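Please look over the chain shown here.

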Amino acid sequence: AKKADRIADTGVFDRPQVREPSPEDAFDELWRREHLRHALALLERNTDAEAYGAFHDHVIEQKSVDETCAKWKIKPNNLYKIKWKLTEQLKQVRNELVEELE
């Protein structure tokens, strides 16, 4: 077939574009992850091992309520209380860390 007779593959235009993160975006993402990791480490040091373990399994590892409660031998209501309490403490720790940098 002649060059002019070939049909162009327009499927390339239908695919979603993948944008590489800018160096600034990549740095911001790395900083957020490290900041969260540090805040979680501080939270873990200041929290009962059972409560932190249940929080980590359910919130960070995204295990189900049933699986987490069975592993830690707690009731779902207690897991929800732990999740709320430690989420609030995590927010406070992260805010304090940001204030220290300013």
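The sections below go from the whole chain to single residues.

## Model and confidence

This is a predicted model. The protein chain averages a pLDDT of 87. At least 70 is reached by 85% of the residues.

Helix 4 (residues 65-72) has the highest mean pLDDT, 98. Helix 1 (residues 11-14) has the lowest, 68. Where pLDDT is low, the predicted coordinates should not be read in detail.

## Overall fold

The protein chain holds five helices and zero strands. Read from the N terminus, the order is α-α-α-α-α.

The chain has 102 residues, and 22% of them are buried. Take the contacts between residues at least 6 apart in sequence: 52% of these join residues at least 24 apart.

## Helix 2

Helix 2 has 23 residues. From first C-alpha to last, helix 2 reaches 33 Å. That is close to the 33 Å expected at 1.5 Å a residue.

Four residues of helix 2 are named as buried: His35, Ala39, Leu40 and Leu43. Two of these names, Leu40 and Leu43, return in the contact with helix 3.

## Packing of helix 2 and helix 3

Two packed helices are described by the angle between their axes and the distance between the axes. How do the axes of helix 2 and helix 3 cross? Helix 2 spans residues 23-45 and helix 3 spans residues 49-60. Their axes come within 10 Å and cross at roughly 150°. Angles over 145 degrees count as roughly antiparallel, so helix 2 and helix 3 are roughly antiparallel to each other.

Helix 2 contributes Leu40, Leu43 and Glu44 to the contact. Helix 3 contributes Tyr52, Phe55 and Ile60. By class, the contact residues are five nonpolar, no polar and one charged.

Most residues other than glycine have a negative phi. Which residue has a positive phi of about 60° although it is not a glycine? That residue is Gln62. Gln62 sits in the loop between helix 3 and helix 4. Is Gln62 buried or exposed? Gln62 is exposed, with a relative accessible area of 68%.

Lys73 also is not a glycine, and has a positive phi of about 55°. Lys73 lies in the loop between helix 4 and helix 5 (76-101). Lys73 is exposed, and its relative accessible area is 74%.

How values were computed. Residues numbered from 1 in each chain as written. Predicted model: local features only at pLDDT ≥ 70, side-chain atom pairs only at ≥ 80, totals over all residues. Heavy atoms only, no water. Axes fitted to C-alpha atoms, helices over the stretch in contact; angles between N-to-C directions. Helix = DSSP H or I, 4+ residues; strand = E, 2+ residues; numbered from the N terminus. Parallel < 35°, antiparallel > 145°, perpendicular 65-115°, else oblique. Contact = heavy atoms within 4.5 Å. Nonpolar A, V, L, I, M, F, W, Y, C, P; charged D, E, K, R; others polar. Expected span 1.5 Å × (residues − 1). Buried < 20%, exposed > 50% of the residue type's maximum accessible area, 1.4 Å probe, protein only. pLDDT = per-residue confidence, 0-100.
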